[in-house]
Structure formats: C-alpha cells, structure tokens
Amino acid sequence: MASPYVREAGNPPRTSFAVWQRVLRGYGPLAVLVVLLVMMSLLVPSKVQKTNSAAAAANRSATAGTTAGAGGPTTTAPGAGGAAATPDPNAQPAGNGAVPGGTPCAGDQVPGDPYSPPCIQFSGDNGGSTHHGVNATEIHVAYRVLDEKGFQQTLAALAGASLTDSPDDIKRTIQALGDYFNTHYQFYGRKLVFDFYNGVGSDTTELLGGGQDKAQVDATTVQSMGSFADMSANSEPYADALASKDIVGFGDPYLSVKWHDDHAPYIWSIATAGTEVANFAAEYATKKLCGGNADFAGGALKGQPRKFATLAPENDWYQESVQVARQTFTNAGCDPGPNVVYKLDLGTMSNQATNIIAQMQSQGVTTITCGCDPIIPVFLSGAAARQNYFPEFVITGTALTDTDIVGQLWNQEFAKHAFGVSPLTQAVPANQTLGYAAYKTVRQDEPAFSVDLIYYQMAQMAIGLQMAGPDLTPDTFQQGMFAYPGKLGPAGFWSFGPHDYTCADDVREIYWDPNATSTYNQKQGAYVETDHQRYREGQIPAGTPQIPQQ
C-alpha cells in the first residue's frame with residue numbers, strides 16, 4: 001500500500017540519537033499504554049513485562065524459563081504438559097526469512113533468542129548512506145525525553161511504592177540494550193546510535209487527543225537531527241507527525257489496523273493493533289459467553305442472564321476498534337449492550353469510576369468487556385465493591401490489565417470475577433526476563449524498571465533492521481519485516497505482513513485467582529492459564545470457559 005506521505009528530500013545524514021523495583025519491574029509511564037487496547041506508551045517506558053521469559057510488554061503464554069548464557073538470554077518454551085501450544089504453522093502469515101544482500105547461515109542469528117531472525121552473514125560494501133540517519137557505520141534512532149508524571153508513577157503510588165526511574169536510568173538502559181543488539185544482531189557494518197532530545201510535547205496531553213502542535217514541533221526536531229527512526233512514538237499525534245516527516249516510529253498504543261495501513265511503512269509497535277484486540281475479545285465473548293448466564297459473576301448477579309457492556313477510552317482511534325467488536329457481537333446475534341466511555345485523565349479517574357459503576361449497575365450489566373488502561377480498573381474495583389456489585393470482568397489483554405502486578409492492586413472480591421484472553425505468557429521472576437538478562441550481558445548494575453518494554457520494542461526494531469539487508473530505507477525495513485518468519489516467545493506469536501504492523505498475533509485464556517502465588521513477584525494473586533493452548537483469530541473454540549467458579 002502506498003504511503004500517503006510525501007518524502008522530504010535534503011535531510012543530511014548525521015554522523016552521530018521508561019513496577020516497582022521488584023514488584024513492578026518494567027512498567028513505566030506507558031503513559032499511553034493505557035488505552036482502549038492500551039498498553040504501551042513509554043515515556044519512562046512501561047513494561048509489558050509479564051512474560052514467560054522475557055517480561056515485557058507483552059508476556060504471553062506458557063511456562064518457559066530464561067537464562068543468560070554466552071550468547072545472551074535464552075528462553076525454553078514448555079512442551080505439552082504446561083505450556084502454550086505452538087500455533088498451527090499453516091495458519092501463520094509468516095514470511096520466508098529471505099534477506100536481500102546477505103548470505104544465509106544455519107540456525108538463528110542469536111541461538112536461544114525466541115524472536116531471533118534467521119542467521120545472516122555479511123561482508124563488503126553496505127552502500128553507505130542509504131537514507132537520512134543511515135551511513136556506512138551508524139543508524140541513528142531518536143528518543144523523546146519528557147519530564148511529566150504518567151501512569152507508571154500513578155501505579156506505583158497506588159501500590160504504596162516509590163518509583164525511582166529517572167531519565168538517566170532510561171538512557172543508560174537504552175544504551176546498554178543498544179550495545180546488546182549491536183553485538184548480537186546483523187546490522188551490516190553499522191551500529192545503533194541513540195539521539196536523546198528533550199521534547200516539548202506531552203504523552204498525557206496527546207493521549208487525551210490534544211498536543212498535535214507540539215508533537216509536530218518534536219517531530220521536526222527529530223527531522224532536523226537527521227534520525228532514521230524514533231523509538232518513543234508513544235502517542236497517536238507524535239507517531240502521525242513522525243510518519244509525515246519520513247521517520248520510522250516505534251511504540252504507538254493500540255491504534256487500528258486501518259491507521260497503521262494509512263501510515264505504512266513508518267509506524268510499528270509491540271502493542272497489538274486495536275482492531276486485532278477487538279476481534280479477539282469479540283470472538284471470545286460471542287463463542288463462550290453469549291446467550292448464557294453470568295455464572296462467573298458474584299452476589300445478586302451470579303447466574304443471571306448475561307447483559308454485556310463495553311468499556312474503553314473515549315478517543316476516536318480507540319472507539320473505532322470498539323465498534324469493530326460491537327459489530328461482531330451484532331453479527332453473532334448477541335446484544336453488545338451499552339458502550340461506556342471514559343477519559344484518559346488521571347486526575348478524574350476515581351470520580352469517573354464511581355459514575356461508571358453506578359451506570360453499569362443501574363442498567364443491570366452482568367458482564368463488562370474492558371478495553372482499559374491499567375489505572376481505571378483499580379478505581380472501578382473499589383467503587384464496585386462498595387456497592388456489592390461484582391460483574392464478570394472480561395480481560396482483553398490491554399495495557400497490563402492482564403498482568404499480576406496490576407491485578408494485585410484491584411479489590412480482590414472484584415478481581416476474582418476477572419477472566420478473558422491475553423497474548424502474554426506465564427510470568428517468570430523479574431530478574432529472569434529477556435530484557436533483564438540482555439542488560440546484564442552488557443552491564444552489572446541494575447536497569448530501569450521498564451527494561452523489558454524497552455527490550456521488546458528495540459527487538460522489534462532490530463528484527464526489521466537485520467531483515468531489511470544493507471540497503472536500509474523505510475520501504476526495505478517494511479519488506480524485511482514482512483519476510484520475518486513468525487515466532488512464538490514470551491510476548492506472544494510475532495509475525496508481520498500486509499495490514500500487520502504490530503506484534504502479538506495470538507492469545508491464551510486466563511482467569512484471576514486471588515489465592516494463587518504470582519511467579520513474577522511471589523505475591524498473592526495471579527492470572528492462571530486454563531487449557532494451555534494459544535489461539536489465532538478464528539481459532540478460539542466455542543464452549544463454556546474452563547474457569548473454576550469462585
């Protein structure tokens with residue numbers, strides 16, 4: 001699909017480019033991650049960390065372990081007795097692994113790395129300057145540093161913990177992981193160089209639908225620096241502005257498939273496209289819940305005929321995905337019920353939650369499908385418990401709502417009625433994640449809390465850089481991503497192709513058990529996997545969820 005943006009010539013190539021310490025290691029102000037299908041903005045990056053072996057922004061599937069050996073972190077994917085089943089290879093739109101300009105070699109580029117691209121050898125002339133920000137020895141990647149309070153700090157405050165990530169922590173972690181990927185991946189004689197700059201924009205303002213003017217100013221700054229890419233494209237306005245400047249961006253928060261198509265080949269993210277999240281959520285609900293009784297609700301709602309409601313931020317780009325899900329409900333002959341919206345405003349979320357619960361309760365809603373940020377459920381659960389209102393709470397895998405560290409903050413009488421789908425794998429201890437292990441191969445001090453989110457976003461970028469071959473441009477980056485052979489790891493099944501510019505392409509079924517011990521932080525309360533299977537779109541089986549009634 002042709003890009004709607006006109007490339008601007010004349011940009012000279014440069015020669016020189018954010019939980020809790022143990023409990024929330026790596027959440028970070030995904031100040032934007034917080035959205036309908038929200039989960040990933042990173043100002044002080046956030047960490048989608050819960051994964052199998054690597055924790056990050058995603059975390060997805062079964063029980064796997066991660067260790068750091070000579071070749072870097074390795075992940076062992078569990079087999080039949082307790083882990084997620086590998087998706088049917090015939091159902092994966094994966095690429096063929098071919099890389100132009102390199103010589104294939106046996107195995108993976110990084111043995112033991114679940115997302116490693118195929119091994120490529122290279123020697124000779126890489127073409128020098130192939131695009132702005134790319135020269136014979138360097139690939140320049142910008143990073144917008146913003147000084148503002150975000151969701152990471154708010155989550156930490158709700159948990160009664162202090163957050164100490166600073167801009168210096170983030171810079172140090174990014175640079176260390178950059179060294180890791182420079183050493184382990186094939187960049188054809190070039191190395192990543194990160195260009196940090198102090199932005200004038202605001203992730204929080206941009207997430208609320210404003211700040212386009214300052215986002216444009218920041219994108220112009222990146223353009224003037226001559227960077228090839230920006231690893232902090234965490235809001236719609238900033239990502240849009242970067243694409244308009246011919247800059248590849250990473251990190252948008254759950255924007256739709258159409259949005260990504262319209263911004264191709266520029267914008268990529270580890271946060272699953274909102275359309276895909278909506279499709280999974282609607283498929284799960286219509287196949288497993290529609291027409292039944294609310295057997296997993298509590299109090300007076302238990303056993304009542306289900307009445308659904310959808311809940312997500314009011315932003316147009318998230319509501320677009322909500323409408324996709326609601327149409328699927330309608331097509332399946334299932335009433336989606338009221339569509340309740342809220343504002344991604346930290347200062348008003350407590351009051352909004354009280355009003356939302358009153359509205360849901362007055363309309364007899366038994367089952368809430370939540371395309372939420374990580375903060376609103378904390379307030380919702382408290383408001384609902386005060387009203388003895390315990391509906392089924394359907395998890396859609398957005399913005400860390402499917403992680404133990406967030407579920408532990410909810411009122412547990414409310415939380416035990418939460419279940420649904422998640423792309424993440426079962427969590428491992430915070431010091432055994434892929435990002436943490438990779439950092440430790442470079443430095444011996446401690447990384448930023450958001451190390452795993454940073455790691456996964458950088459891994460996505462590094463895959464495209466290797467798969468593009470030596471002639472690096474936004475177009476060849478896209479071609480390389482489309483050629484990447486799909487792989488299952490801690491952050492779900494990663495594959496890319498036409499209409500697919502985001503990572504996790506499968507889910508597993510989970511439910512909250514307030515009595516389970518989390519494998520991530522060894523605290524009480526954890527998500528539990530039901531059937532140890534992973535499902536692509538269209539593969540979720542019909543039938544009652546395999547969840548014990550609490």
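This is a predicted model: local features need pLDDT of at least 70, side-chain atom pairs count only at pLDDT 80 or more; totals for chains, interfaces and linings use all residues.
Now colour residues 474-483, the whole of α15. Seven of its ten residues are buried, so the helix is largely enclosed by the rest of the structure.

Next, move to strand β12, residues 367-370. Which of its residues lie on each side? Thr367 and Thr369 are on one side, Ile368 and Cys370 are on the other, and all of them are buried, leaving both faces of β12 covered.

Strand β10 (residues 308-313) runs parallel to β12 and is joined to it by four bridges. Here you can find phenylalanine 308 opposite threonine 367. Then show strand β13 (residues 392-395), which also pairs with β12 in the parallel sense, over four bridges. Threonine 367 turns up again, standing opposite glutamate 392 of β13.

For the last stop, select helices α9 (residues 349-362) and α10 (residues 376-386). Their axes are 8 Å apart and they pack at an angle of about 50°, and therefore α9 and α10 are oblique to each other. The crossing of α9 past α10 is right-handed. To see the contact, show Met349, Ser350, Ala353, Thr354, Ile356 and Ile357 on α9, together with Ile376, Phe379, Leu380, Ala383, Ala384 and Arg386 on α10. Colouring this contact by class gives nine nonpolar, two polar and one charged residues.

Note on methods. Residues are numbered from 1 along each chain as its sequence is written. Side-chain values use heavy atoms; hydrogens and water are left out. Buried means under 20% relative accessible area, exposed over 50%, partly exposed in between (1.4 Å probe, protein chains only). Helices (H or I, at least four residues) and strands (E, at least two) are DSSP runs, numbered from the N terminus. Axes are lines fitted to C-alpha atoms, for helices over the stretch in contact, and angles run from 0 to 180 degrees between N-to-C directions. Angles under 35 degrees count as roughly parallel, over 145 as roughly antiparallel, 65 to 115 as roughly perpendicular and the rest as oblique. A crossing is left-handed if the near helix is turned anticlockwise from the far one by less than a right angle, and right-handed if clockwise. Contact means heavy atoms within 4.5 Å. Ala, Val, Leu, Ile, Met, Phe, Trp, Tyr, Cys and Pro count as nonpolar, Asp, Glu, Lys and Arg as charged, and the others, Gly among them, as polar. Two strands pair if DSSP finds at least two bridges between them.
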